[in-house]
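These are my notes from one sitting with one model. I looked up the sheets, then the cores, then a pocket.

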Amino acid sequence: MPGATILHADLDAFYASVEQLLDPRLRGRPIAVGGSARGGVVLAASYEAKAYGVAGGMPGWRAARLCPSLHFVPGRFREYQPLADRVMDVLGDVTPAVERISIDEAFLDVAGSTHLFGSPAQIAALLRRRVREEIGLPLSVGVARTKHLAKIASQVAKPDGVVVVEPERERAFLDPLPVGLMWGVGPVAEARLAERGITTIGELARTPTDAVEQVLGRAVGARMSALAHNDDPRRVSGAGRARSVGAQSALGRQPVTRELVREVLSQLADRVAGRLRAKDRAARTVTVRVRFPGMRSVTRSLTLPGPVATTLTLTEVAEQLVWQAVREQPVAEPEITLLAVSVSGLVQQSALQLELPLLTADPRRPGSAPGAARWAVDRSVDAVRARFGSGAVGYLPTAMPRVRTVPDEFRELAEHDL
């Protein structure tokens, strides 16, 4: 059996910790990034605020009631990415096998680094010390044989600690932990399992897989059952170009309307297409995911005749796929809880090759007249935004949304770069 050489490094309460780093007056105080006592949404909370029950995604007024001394800060979004990148540079100093999965967390495989830096536990301690001393941020690290277990270990290590799970004590470590710590088990799945008397990872591991599938669905149930047994063959992939890029928006629980779908998909397509164009990329395949109440998701995809990176075309294709998924539902007026758009089949597109006008004009062909016109408009939009900010110009549903609870800058930080 291989040893515990996979690390999961996770910056603690990252956005709030950055605010406390940049403003020493906030250190040791309960703070919330985003929102206010009158409304809005809390994007992140410091550990001092979490002690009162304040959490990200909570309405600001509720957070203020839970913690009367809570200090709200607007968030210095331009500072977050550079600081997080510096942390990733520190991780890269001990191994090239670093798989960044978000702005503030990454997996590392240190099997080839122990002869230089010591045991995986010593490497974890080294990383924590360097991040604290050189950058000023707290880092928690989990060390284990699998990615799944390393991520759980880092959660147990919070705040600002290290937890090492050696292979011989994996079951003793996992069994008493709540299922909510598992990667992919959200509040709804946790509640469903609790209804069946399954509250710990050990209880989940002892439950037959087919019984878990009846509760969570076949695909999710099989995956959760495997992870409960620490059966996770995924390896740390290391650096490499993204093979897909996407964005999603949680909606609570809302009835499906054309206005809602168009507004949300316009915003998602704008973020995805903008990131494609920023890297001179385009995509051949568009995929949407529609989540309905009960954590039931439907995915639909379409491969286009040519690679596209235009906002309006991506929006139209995503709409087509979403309505296809909605019409297939057995109820007349379904509700949705999440919409997601992703693209794959990425190719380089630093310039556009125009086509001869031999075929019927179709914006889904980037070289056609309407396709080229959309590409030119979007490039102009990109230039304006680069000079005057992301809110300076945009398509109507994106520039003037009916409801905007989370700043675009925060959404962009949470999404993978290309």
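How many bridges join β1 to β7, and do they run parallel or antiparallel? I counted 6 bridges between β1 and β7, and the two strands run antiparallel. Two strands pair if DSSP finds at least two bridges between them. Strands here are DSSP E runs of at least two residues, helices are H or I runs of at least four, and both are numbered from the N terminus.

Before going on, I noted that the model is predicted, with local features needing pLDDT of at least 70 and side-chain atom pairs counting only at pLDDT 80 or more, while totals for chains, interfaces and linings use all residues. Residues are numbered from 1 along each chain as its sequence is written, and side-chain values use heavy atoms, with hydrogens and water left out.

**Entry: sheets.** I then read off the strand order of the open sheet of 5 strands, β5-β6-β1-β7-β8, and its pairing is mixed. β5 (98–102) and β8 (162–164) are at the edges with a single partner strand each, so one side of each has no neighbour in the sheet.

I also looked up an open sheet of 4 strands, which has antiparallel pairing and the order β9-β12-β10-β11. Its edge strands, β9 (244–255) and β11 (296–308), each pair on one side only. Between β9 and β12 (residues 335–348) I found 9 bridges, again antiparallel. Ala250 stands opposite Leu338 in β12.

**Entry: cores.** A nonpolar core is a set of buried Ala, Val, Leu, Ile, Met, Phe, Trp, Tyr and Cys residues joined through side-chain atoms within 4.5 Å. Buried means under 20% relative accessible area, with a 1.4 Å probe and protein chains only; exposed is over 50%, and partly exposed is in between. The largest core has 40 residues, and those touching the most other members are Leu7, Phe14, Tyr80, Leu91, Leu108, Leu127 and Leu137. Among the elements giving it two or more residues are β1 (6–11), α1 (14–22) and α4 (77–92). α4 gives the largest share, 8 residues. Another core, of 36 residues, lies apart from it and includes Val272 and Leu321.

**Entry: pocket.** A pocket is an open set of points on a 1 Å grid over the protein atoms alone, where a 1.4 Å probe fits, with protein on both sides within 12 Å along at least five of seven lines; lining residues have an atom within 4 Å of a point. I looked up the lining of the second largest pocket: 17 residues, of which Ser17, Gln20, Glu48, Arg132 and Pro138 are the closest to its centre. α1 gives the most to this lining, with 4 residues.
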